[in-house]
Amino acid sequence: MITRLHTILACLTLISVLYACTPAPFYEEMKTVNGTWDANDPGVFEFEISDTTQKYTMLMNLRHTEAYPYSNMYVFMQLDFPNGKKSVDTLECLLADPRGKWGGRSMGDLVDHRIGLRQKNEPVIFPLKGTYKVTITQAMREDPLREVMDIGFALEEWESN
């Protein structure tokens, strides 16, 4: 009994240490949409870039219920540069496999996804110093989009594999 307790405590300690060693994202913010995401209510995220040589991974964080009726989601992503220029992309985010198994982490009846916003998860370099703005708008035919709880955006320092 004591040996089993020590093993469980050792495993919990190891998990805590590994979680604590995970580097924090450079930027991360979530917006709550409380079950319905209206196309006229996009997620808007602003961040400062001071190092124009640093490579980043751009991620969309998405939380939906298990009752979300689709295996994918289309979004428009607009990136506003400090000099006023804009870049707009239409992205398909695959949320479930062909059998309907969610690709994200499930916790109760919620599913969390971290979705790369670049093809082949290529890094992005921001060429100008200053404030950037990312706007993520749902682009599905259903509006408002049901069963979506939160939408977010994160920038992580890129690590090559």
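These notes walk through the fold, the strand pairing and the core of a predicted model.

1. Overall make-up. The chain has ten strands and one helix. Of the 161 residues, 33% count as buried. The chain exposes about 10300 Å², and carbon and sulfur atoms supply 53% of that area.

2. Contacts along the sequence. Take the contacts between residues at least 6 apart in sequence. Of these, 78% join residues at least 24 apart.

3. Strand 7 and its partners. Strand 7 (residues 110–116) runs antiparallel to strand 3 (residues 55–65), with seven bridges between them. Strand 7 also runs antiparallel to strand 6 (residues 105–107), here with three bridges.

4. The hairpin. Strands 6 and 7 form a hairpin with two residues between them. Gly108 sits in the turn and has a positive phi of about 65°.

5. The nonpolar core. The largest nonpolar core holds 34 residues. Met73, Phe126, Ile136 and Phe153 touch the most other members. Several strands each supply at least two residues of this core, including strand 1 (27–37), strand 5 (86–94) and strand 9 (130–138). Strand 10 gives the largest share, five residues. In soluble globular proteins, nonpolar side chains tend to be buried together.

6. Phe153 up close. Which residues does Phe153 contact, leaving aside its neighbours within four places in sequence? Among them are Tyr27, Phe45, Phe47, Met58, Leu59, Leu117, Val134 and Ile136. Glu28, Glu29 and Asn61 are also in contact with Phe153.

Conventions
Residues numbered from 1 in each chain as written. Predicted model: local features only at pLDDT ≥ 70, side-chain atom pairs only at ≥ 80, totals over all residues. Heavy atoms only, no water. Pairing = 2+ DSSP bridges. Helix = DSSP H or I, 4+ residues; strand = E, 2+ residues; numbered from the N terminus. Core = buried A, V, L, I, M, F, W, Y, C linked by side-chain atoms within 4.5 Å. Buried < 20%, exposed > 50% of the residue type's maximum accessible area, 1.4 Å probe, protein only. Contact = heavy atoms within 4.5 Å. Areas by Shrake-Rupley, 256 points an atom, 1.4 Å probe, with all protein chains shown as cover.
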